Amino acid sequence: MGENVRKLLSNRLIIATHNDGKIKEINELVRPYRIAATSAGELGLDDPEETGKTFAENAAIKAHAAAGASGLPALADDSGLAVAALDGAPGIYSARWAGDPRDFGAAMAKVKQALQNAGADDFSAKFVCVLCLAWPDGHEEFFTGEVHGTLSFPPRGDQGFGYDPILVPDGFEETFAEMTSAEKRALSHRARAFDKFRTACLPPL
Ligand code: IMP
């Protein structure tokens, strides 16, 4: 991110995702800023194919597709679970490990199995989030957040989404899925990336 970060001047923003868990969390984050956030799904925009090799590339694909189709600035999130003993897998493939239709019970079992296959005793992992804010003229800004923790099996809790039931953030005993949305918002990778976006692009409250 350079010195000349472009500010978000309009109060209309497209949330470039079809993931209900992300929409809920991003809506909670933008709410205090009186931003009228519309999801890509509400606008009937297609979910583009994620052909990138990094979180940033995939976030950019989604943000530019939504900004181009809507004529409005669009914020996209690409995120996932990176397990140290699995060289960062599932990483950008986190959603795809859940198959189609998505089954995160199966995806979490797959993570456990992969750790067993690797003979791993290091269960450290992190959630990573890259936000891309793209404008219809092609301008883009990126913001990254991470939260480190330890994987715990069996999965616990029914809040949140995705891999939340198996990640216990450092300094806590509960998984993210056992926390309220406000507790998760205080420390999540998405909230940390959003904090950078807010500081760079939004007017102070
Ligand atoms: P994406 O839509 O390709 O970015 O998929 C990201 C995937 O990573 C989601 O479907 C979840 O499986 C996982 N993920 C991202 N953020 C979180 C989170 O906050 N909690 C749990 N899983 C997450």
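How many helices and strands does the secondary structure of the protein come to? The count is five helices and six strands, where helices (H or I, at least four residues) and strands (E, at least two) are DSSP runs, numbered from the N terminus. This is a predicted model, in which local features need pLDDT of at least 70, side-chain atom pairs count only at pLDDT 80 or more, and totals for chains, interfaces and linings use all residues. Residues are numbered from 1 along each chain as its sequence is written, and side-chain values use heavy atoms, with hydrogens and water left out.

**View 1. The order of elements in the protein.** Starting at the N terminus, the elements run β-α-β-α-β-α-β-β-β-α-α. Along its principal axes, the C-alpha trace spans about 50 × 35 × 30 Å.

**View 2. The interior of the protein.** Of the 205 residues, 46% count as buried, meaning under 20% relative accessible area (1.4 Å probe, protein chains only). Among contacts (heavy atoms within 4.5 Å) with a separation of 6 or more, 61% join residues 24 or more positions apart.

**View 3. Helix 5 and its neighbours.** Helix 5 covers residues 189-201 and has 13 residues. From first C-alpha to last, helix 5 reaches 18 Å, close to the 18 Å expected at 1.5 Å a residue; the expected span is 1.5 Å times one less than the number of residues. Its buried residues are His189, Arg190, Ala191, Ala193, Phe194, Phe197, Ala200 and Cys201. Partners that these buried residues pack against include helix 1 (20-30), strand 3 (74-83) and helix 4 (181-187). Strand 4 (124-134) and strand 5 (140-151) also pack against them.

How values were computed: Buried means under 20% relative accessible area, exposed over 50%, partly exposed in between (1.4 Å probe, protein chains only).
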